[in-house]
Amino acid sequence: MTNSVEELEDAACILIIGSNTTVAHPIIATRIFRAREKGAKIIVVDPRKTHIASYADLYLAEKSGTDVAVINGLLHIIIKEGWYDKEFVEKRTEGFAVLKTFIEEYTPARVSEITGIPEVQLRQAAEMFAKAKQSSIVYCMGITQHTVGVDNVLSLANLSMATGHIGKWASGVNPLRGQNNVQGSTDMAAIPNVLPGYQSLADDAVIAKFETAWGVTLPRKPGLTIMEMMDAIGTGGIRALYVMGENPMVSDPDIQHVKKALESLELLIVQDIFPTETVALAHVVLPGVTFAEKDGTFVSTDRRVQRIRKAIEPIGEARPDWQIICDVAHAMGAPDFDYASPSEVFDEIASLVPLFAGISYDRIAENGIQWPCRTKEAPSTVFMHKDTFSKGLGTFKPVAYKAPAELPDEEYPFILITGRDAFHYHTGSMTRRSKSLTGQINRCYVQIHPADAKKLRIKAGQLTRLRSRRGAIEVEARITPIVQSGSVFVPFHFAETAANVLTNPALDPVVKIPEFKICAVKLEKVA
């Protein structure tokens, strides 16, 4: 997030796109509700009328996968009407003239045809967002989990810069992280193309710094993403895999392909806190500990580095992850894994990662600090890009609307959307062990529009088969106008009827994220 969670309360307008906030991020949603109580206008863009959409001042019911067209349409109106921030654009950005010319083709009429959103609503949203004193963009995986995920994010950055709603309090572009410490894991280079702190593999000085600290020669070629790993297993490029805190047998698309890949490995090591569907395939299981059994740091969705403290001793044979990793490294002959505590690990992080250089265990003993914090005297960075962008001028990058990788056809006439249910979390490895939560819901379902259910003669509660080009599942039907006619929604928490049996492994060409949010399916009653 460019800004902080608490700032949302002071926004005058909040644009929520691709985020079912009350379900996936309920604590953050409370901040949005407080902003609404103070008079903030809420705009929700989503193909489903989610819970948060029911509270919106303006709900834009877009067709699935048309986010770029929606944002380009808003920009077209804002620029044509002169509602953009001329001073900000002139002093803080570059490439606006190119964007202005490019955006001319995204007229309200054309955008309405692509997205299904009435022209009058596009104009209302554009004016509401542009003219507010402080407007904030909130998005989640409904934006990123597409073959055009990068284009979606670039479009939102264009909108934020054009209106000057960035680099100040209660504004910015704010992605909500899907799981605890996802921000911290990416900060520490749990992505294949950078070193910790997003430092470039192409920078000789960076490479020299890490090679000196670690006493190794580092590869300069980026690694593979998760889906690229699964493909590489199939071709023999990967023979062993170490999976930590991940359950790809439920969370990855095209699960049959994933299962085949994992079963073909010579060695699968899984480190986790509970037995999962992926653990069931492992040759070696390393039991980690929960948050309550370890010391360390987590980084929240708004870049806040926070201490966690052990409340109880590890149960059974489970041990903290850092200790397990050190022991594995020693067994493999690595010489410099003699850390005595998580604080020593963090000291090394601060010495090598400029974004964390000013943070220490002492400084975050009481309250967390938001990076970047480059010196021991520097305060927490509550919001980013105050006077300048990290690269200097912010660059507008026009992006054209592209259709999803797989659209409905005669054989598979429905769009499948996947996401979360309010009572469960991710692959259910934790929440489905809670009697109170499973008492609310413990089996999968499909949301179907009443018109489609009537046409297919499907009744509420009836067992319904969904089939895609990759597989099929049978789930209970829920008839609801929340979804648009022609689309269905399935939560992905339930391994026995996993939604990701159906989903498309097509990838964004830049960051290689799969298109979880759209694939073509057909529905039929189960006799």
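The following questions and answers set values from this predicted model against the definitions behind the terms.

This is a predicted model in which local features need pLDDT of at least 70 and side-chain atom pairs count only at pLDDT 80 or more, while totals for chains, interfaces and linings use all residues. Residues are numbered from 1 along each chain as its sequence is written, and side-chain values use heavy atoms, with hydrogens and water left out.

Q: Why is Gln134 called buried?
A: Buried means under 20% relative accessible area, exposed over 50%, and partly exposed in between, with a 1.4 Å probe and protein chains only. Gln134 has 18% relative accessibility, so Gln134 counts as buried.

Q: Where does Gln134 lie?
A: Gln134 is in the loop between helix H7 (119-131) and strand E5 (135-139). Helices (H or I, at least four residues) and strands (E, at least two) are DSSP runs, numbered from the N terminus.

Q: What makes the approach of Gln134 to Trp169 a polar contact?
A: A polar contact is a pair of N or O atoms within 3.5 Å; within protein, one must be able to donate a hydrogen and the other to accept it, and residues adjacent in sequence count only if both atoms are side-chain atoms. A polar atom of the Gln134 side chain lies 3.2 Å from the backbone oxygen of Trp169.

Q: Which residues does Gln134 touch, not counting residues up to four places away in sequence?
A: Contact means heavy atoms within 4.5 Å. On that count Gln134 touches Asp10, Ala11, Ala12, Cys13, His165, Lys168, Trp169 and Ala170.

Q: Is Asp321 buried or exposed, and why?
A: Asp321 has 17% relative accessibility and therefore counts as buried. The residue belongs to helix H15 (residues 321-331). Leaving aside neighbours within four places in sequence, Asp321 is in contact with Met244, Gln271, Gly288 and Lys294.

Q: Why is Phe337 called partly exposed?
A: Phe337 has a relative accessible area of 29%, so Phe337 is partly exposed.

Q: What makes Phe337 and Tyr339 an edge-to-face aromatic pair, and how many aromatic pairs are there?
A: Rings of Phe, Tyr and Trp (its six-membered ring) pair if their centres lie within 6.5 Å; planes under 30 degrees apart count as stacked, over 60 as edge-to-face and the rest as tilted. By this rule there are ten aromatic pairs. Phe337 and Tyr339 form one that is edge-to-face, at 6.2 Å centre to centre with 85° between the planes.

Q: How do you know that the charged end of Lys86 sits over the ring of Tyr84?
A: A charge sits over a ring if NZ of Lys or CZ of Arg is within 6 Å of the ring centre and within 35 degrees of the ring normal. The charged end of Lys86 sits over the Tyr84 ring, 4.6 Å from its centre. Tyr84 also forms one aromatic cluster with Phe96 and Phe396. Another charge of this kind belongs to Arg92, whose charged end sits over the ring of Phe389, 4.7 Å from its centre.

Q: What makes E1 and E5 a pair of strands?
A: Two strands pair if DSSP finds at least two bridges between them. Strand E1 (residues 13-17) and E5 pair in the parallel sense over five bridges, with Leu15 opposite Ile137 in E5.

Q: Which order do the strands of the open sheet have?
A: The open sheet of five strands has the order E3-E2-E1-E5-E6, with parallel pairing. Strand E3 (58-60) and strand E6 (173-175) are the edge strands, each pairing on one side only.

Q: Why is strand E2 said to be largely enclosed by the rest of the structure?
A: Four of the five residues of strand E2 (residues 41-45) are buried, so E2 is largely enclosed. E1 and E2 run parallel and are joined by five bridges; Ile17 has Val45 as its bridge partner in E2. Three bridges join E2 to E3, also parallel, and the partner of Ile43 in E3 is Leu58.

Q: What joins strand E18 to strand E19?
A: A hairpin joins E18 to E19 through four residues. Strand E18 (residues 463-467) and strand E19 (residues 472-479) pair in the antiparallel sense over five bridges. Thr464 stands opposite Val475 in E19, and the bridge partner of Thr464 in E23 is Lys525.
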